[in-house]
Amino acid sequence: MSDAQSPTDFDPVEPNTGHDFEPVDVFPDSNDFDLRPGADSCFKCSVCDTNCPVAEVDDDFPGPKFQGPEQWRLKQTDDDYEIDDSVMSCSNCMRCDNACPSGVPLSQMHNTARGEYVEEQMSKTDIEYWRNRILSNYRLSASIASKVPRLSTWAMNFGPARWLMEKTMGVTKERDFPDFAPQTFREWWAERGGADASRRNAQQRREELGLDRNADRKVAYFHGCYSNYNTVGVAKAMVRVYEHYGYEVVAPEQKCSGTPMFANGMLDDARRHAEVNVSSMSDLVDQGYDAIASCTSCSMALRQEYPELFDIDGIEKVSSNTFEAVEYLRIHEDVKADVQAAEVSGELAEEFAYHAPCHARNQGLERQSVELFRDLDGAGIEDVGESCSGISGTYGWKEEKYEKSMDIGEEMFEHMEHADGEVGMTECPTCAMQMEHGTGYEIRHPLELLEAAIVN
Amino acid sequence: MARTPHIAVIGGGSTGIGIARDLAMRGLDVTLVEQGNLTHGTTGRMHGLLHSGGRYAVADQASATECIEENRVLRDIATHCVEMTGGLFVKRPEDSEEYFQKKLDGCKECGIPAEVISGEEARAMEPHLAKDVEKAITVPDGAIDPFRLVVANAASAEEHGARIETHSKVTDLIIEGGEVVGLEVDHASGSGKRVHGTEGGTEEIRADYVINATGAWAGRIGDMADVDIAVRPSKGVMTIMNIRQVDTVINRCKPKGDADIVVPHETTAILGTTDEEVEDPEDYPEEGWEVDKMIDTLKELVPMLEEARTIRSFWGVRPLYEPPDVGSDDPTDITRDYFLLDHDERDDLQGMTSIVGGKFTTYRMMGEEISDHVCAKFDIDAECRTADEPLPGSEDFSVLRDYMDEFGLRSPIGRRSVERLGSRADEVLKTSDPNPTVCGCEGVTRAEVQDAIEQSGSDLNAVRIRTRASMGNCQGGFCCSRLASELHGEYSEDIAREAWDELLQERWKGQRHALWGEQLSQAALNYALHSTTQNRDNDPADGNPVDFAAFDSGVSAGEAPRTADVAADGGRRDGD
C-alpha cells in the first residue's frame, strides 16, 4: 500500500462501557455516569499530559491522565468518594481527547467529574460558584445587555465597574468586554422576513444555478449566543453564503450550546439549555434539515458533549446531523473552485493570521480555512501554529486564571506577530477575544471572508 | 511454670501468622519462618473474599457458621483490611428455584443475615448485572486484603516479642528421641529484614514445640519426619480485572461450580475460580483455557466482563485435607473445614502439630484453637485476646479527612492511602519532605513506599504487597523504576538493581495470562520502556559498578554549552 492510500479496515478503539449498559434505567439523573470502565483503555502513556496546555503553565494542575482515567479508577461509587478540586483548573479545551491514542473518553470524564464536584462539593453560597455560574450563563447577561447595547458596551468596560467586578467576583479587569451589536442577529433575521424570505432567496438562487427550484437544500442554523448578540456580521455572512448556494436557512428556537457550562461543571444549566436545542433541532432533522453552527465550540457541544453527557430524546440524531458551516459547504459544494476563481477587494483584502481553535481540531477542521483560502486572489492566510489560544471560553476571564491564560497564549501571539498580516482569523469567538487582546489585531471569521469572496 | 516455652511456627501465610500473633499475645516465645515473602503461598493467591458463610450455607453449615462469626470479628479487629461491600447470590432463569430457597433457608439457619431482592433492585445496586438476573439474596460478604491483614498480624506479633523470619526455608526437622526439637533453616539473606546481597546462612532453631502451618506444603514438612500428611492440593485460577465492574460481591446461586464469583478488590475486581487437584503445589500447569472459561462463564452474570480489560491472572493452591477414610474423587467435594493433626496422637511423634485445610476467613479461629492446644501441652492458662484487640492500623480511625490540608495529597490519592494505612496514616503520611506520587495507578506516594521499605528491607515485592504499588493497570510499567530509586540512600546501586529486576520478573509473570486487547498494548509499551529506555533486557552496567563520579553535573542555566554545536538529540543546533 502506498502512503497515499489509507487502510479501509481501520477500527478505532472504542472505550468499553458495556454492551447493554442503560444509564437511564438505573440512575435517577444521568449526571451520575460511572465512567470507571473508560479507564480500561488507558495504558498510561501520558501523551494527554504532554498535550495539555494548562499542565504546561500550571504546576499545580495534575493533568488529564490524573483527572481522567486515574481519578475515575481510584474513585468508587460511594457518595463519600470525593472529586479532587483540581478538576476546576481544566479549561475543557479537549485536546486530550485528540491526543489519546487509545480512545479514553477523557473530556467526558472531566466534564462528568466537574459536574459532580460542583453539584456535591462546591458551596452554593461561594462567590466562585456564582462567578462561574454568571460567566457560564453568558446568554442571559447578553440578552439583557443587548436591550441597551451601547450603554452596556460602555458600562461593561467602565474602569471603576471592572475594578469592582474583579475585587468582588474575580472576573479579570484586564480584558475588554466585547461590543454588543446595535441590532441582534435574530432581530435582523425577523426584520428580513425570517425563513420565508430565506426560502425565496434560495429558490431564486437555485434557478440561477440551474438547479431544481424545489431542490432539497435546507439547513437549520445554530448561531449560538455570540453571533446573535455580538458578531452579528458572522451570522449574516452565514445566511448569505448558504443562500448563495441555494440553501434555505431556518433559525430555530435555541439557547446556549452549553459549552461554557460544561467547562464550569454547571451540568444542570447545560441540560436545561440542551433540552431546548435538541428538541427544536431534532424536529428539523426529521424534516430533512441539517444543523449548522458557525462557532466550532457550539458544533462540538452538539456533536460530542451532548450524547456523552445527556440522555435526551433525539440527541444522537442531532449529534450525527450537526456540521460546522464551512465544513458542510466543503462536503457538498465545490467551494474551493469558487474561491480560486474569486477575488476580494476592500475591507477584507488582507493577510490573515489564522488560528485553529482547539475545538475545531477535535472535529478535524484545523486546516479547512487555510486550504480554502490559500489560493484566493486579493487575500492571504497563514496558519499560526497548533498551540492553544489559552482563553478557553470562560477560563481566561477568571481573575486567578488570567496570567496562565496569557502564558498559554504567548506562543500564538508570537506567531501572529511573525505572520505577514495584521488581521487575525478564527472560527471561535473567545479565541478571537484572546487574539485581539494579545496582539491588538482585528479578528475576522472565515465566513466573512467567504462572503466577501463569493457573494455578490 | 519454669520458663517460657519457645514455639516455632512454620509458614507465613494467614494461618501461621495468626498462630504466631495469638501465641505471642499469650506470652509465649515465638519464632515464625517463611520460605518466601509473607503471603508467599496460598494466602497471597486468594480472591480476597471475606466470607459471610453464604457460600457454605447449604452444603457445609458448620463452616458457614464459623464464617459468619469470624466475619464479624474481622470487621472489628481488621477494619483497615476489610471493605464491607455486601454480597449477592444472584439467580439466573436457568438456575434452580429449589436451590435458591435452600440457600435462603441455609443462611437463616446459620445466622447469616439474608434477604431476597428483585432483579430490578439488584440491578439498581449493580447496574452491570445481566438483565435476565431474576432475583438475588443479600448477604454480608466483604472484601479483605490478605496482604495487609498478614502484615498487620506480623507487626502485632512482633510487638508482642515474636521473631518473624521471611525468606527462610526449613530444610529439615531436628528430631531427638522421637520428638521434634527444632528446625534447620536456610536464610536466603541473613536473618532480619531481607536485604539483597546479604550473605545467607543456615541456622538451627531449637524449639519446645513446632507447628506446621504450611498449608499445601504440609506434606513436605511431614516427610522430613517420616509422617504422612495427605494434603490434596487443588488449584484454582483467579483473574484480575482492571476496574471494578461491580462494587458488591457477586456469587452465582447454584450448587458447587466453577467460575461463580466476582469480588471487588481495591481498584480491581477479581474473578474466581476453578477447582482442580494437582500433584505438586509448586509445579502445576497454568493454562489459558482456564482463564477463558472463567470469563465466558462469569459474563453470564456481568456481561461487560467479556470485553473488559484483564490485567493479570494467577493461580492459587487450596490446602485441602480430608481424613484418609473419606476418599472424595472430586476436589469440590472435599470439606473446607480445618484439621488439627497432633503427630503424637497420630504418629507417635512428639513435639509437633500440623494444621491443614481451612479457609482464610477463619484464620484467626484456627489460630485460637491451635494456641489453646499448645498452651494445654505446657499447662499455660492464658486467654485468647485476638478477637478483641484490633490489629495495628485498625485502631479507631476515619477515612473521611481533608487529604489536601492534612497530607498535601489529592483527594483520591489521599483517600486510598488512608484506607490502606488505617490508623497509621498520620504516622506515615505527615511528612515535611516532598511526597510525590510514585505509583499513579494505585495512588501510592513516596512516604508510604518509604514506610514499607523501612519495614521490609530492599525487597520490592514486600513493598508491593504492603502498598499496592505496581498492582494497577500498567502492572508496574511506569513505577518499578521509581520504586527501585526509592531504595537509594539506604541501599547501594547493585542492591537496587537486583530488587528492581526481581520486581519486574514478578510483575511480568502474572501478565502472561492477560496478553490480549488493552493489556497487550500495555505490555508492548512496558516492554519498550523496560528493555529499551531502561535497558533491563541487557544492561551493560549490570554487574559492573557504575562510576558515577565520572558524570559531570550538566550545564547550569546561563552557562554556554561547552560543545556548542551538538544538540541533546545528537543533531546539530543550527538545523536538523
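Chain A has an average pLDDT of 92, and 93% of its residues score at least 70. Residues 1-7 of chain A, however, have a pLDDT below 50, and this stretch makes 1 contact in the model beyond near neighbours in sequence. Residues 21-31 of chain A also stay under 50 in pLDDT, and for them the model has 17 contacts beyond four places in sequence. For chain B the mean pLDDT is 92, with 96% of the residues reaching 70 or more, but over residues 563-576 of chain B the pLDDT stays under 50, and the model has 7 contacts beyond four places in sequence for this stretch. Where pLDDT is low, the predicted coordinates should not be read in detail.

We can now turn to chain A by itself. Chain A is divided into domain 1 (23-120), domain 2 (185-332) and domain 3 (336-454). The C-alpha centres of domain 1 of chain A and domain 3 of chain A are 29 Å apart, and the contact between these domains takes 11 residues from domain 1 of chain A and 11 residues from domain 3 of chain A. Which elements give two or more residues to the side of domain 1 of chain A that touches domain 3 of chain A? They are helix H3 (53-57) and helix H5 (95-99) of chain A. By class, that side of domain 1 of chain A is made up of 5 nonpolar, 3 polar and 3 charged residues.

A pair of helices in chain A deserves a separate look. Two packed helices are described by the angle between their axes and the distance between the axes. Helix H23 (residues 402-418) of chain A packs with helix H24 (residues 429-439) of chain A at an angle of about 65°, and their axes are 10 Å apart. Because of this angle, H23(A) counts as roughly perpendicular to H24(A), and the crossing of H23(A) and H24(A) is right-handed. From H23(A), the residues A:Gly409, A:Phe413, A:Met416 and A:Glu417 meet A:Gln434, A:Met435, A:Gly438 and A:Thr439 in H24(A). Sorted by class, the contact of H23(A) with H24(A) has 3 nonpolar, 4 polar and 1 charged residues.

In chain B, the domain assignment gives domain 1 (6-41 + 147-230 + 336-377), domain 2 (83-144 + 234-315) and domain 3 (431-543). Domain 2 of chain B and domain 3 of chain B have C-alpha centres that lie 31 Å apart, and their contact takes 12 residues from domain 2 of chain B and 12 residues from domain 3 of chain B. On the side of domain 2 of chain B that touches domain 3 of chain B, the elements giving two or more residues are helix H7 (288-298) and strand E19 (310-321) of chain B, and E19(B) gives the most, with 5 residues. The residues of this side of domain 2 of chain B divide into 3 nonpolar, 5 polar and 4 charged.

Chain B also has a helix pair to examine, formed by helix H14 (residues 460-467) and helix H16 (residues 493-511) of chain B, which pack at an angle of about 55° with their axes 8 Å apart. This angle is why H14(B) is called oblique to H16(B). In H14(B), the residues B:Leu460, B:Asn461 and B:Arg464 meet B:Ala499, B:Trp500, B:Glu502, B:Leu503 and B:Glu506 in H16(B), and by class this contact has 4 nonpolar, 1 polar and 3 charged residues.

Finally, there are two details of the backbone. Most residues other than glycine have a negative phi, and most peptide bonds are trans. The peptide bond from B:Gly272 to B:Thr273, however, is cis, with omega near -25°, and B:Thr273 lies in the loop between strand E17 (268-272) and strand E18 (276-277) of chain B. B:Thr39, a residue other than glycine, has a positive phi, near 70°, and B:Thr39 is found in the loop between strand E2 (29-33) and strand E3 (49-50) of chain B.

How values were computed
Residues numbered from 1 in each chain as written. Chains lettered and ligands numbered in written order. Predicted model: local features only at pLDDT ≥ 70, side-chain atom pairs only at ≥ 80, totals over all residues. pLDDT = per-residue confidence, 0-100. Contact = placed C-beta atoms within 7 Å. Domains from an automatic or database assignment. Helix = DSSP H or I, 4+ residues; strand = E, 2+ residues; numbered from the N terminus. Nonpolar A, V, L, I, M, F, W, Y, C, P; charged D, E, K, R; others polar. Axes fitted to C-alpha atoms, helices over the stretch in contact; angles between N-to-C directions. Parallel < 35°, antiparallel > 145°, perpendicular 65-115°, else oblique. Left-handed = near helix turned anticlockwise from the far one by under 90°.
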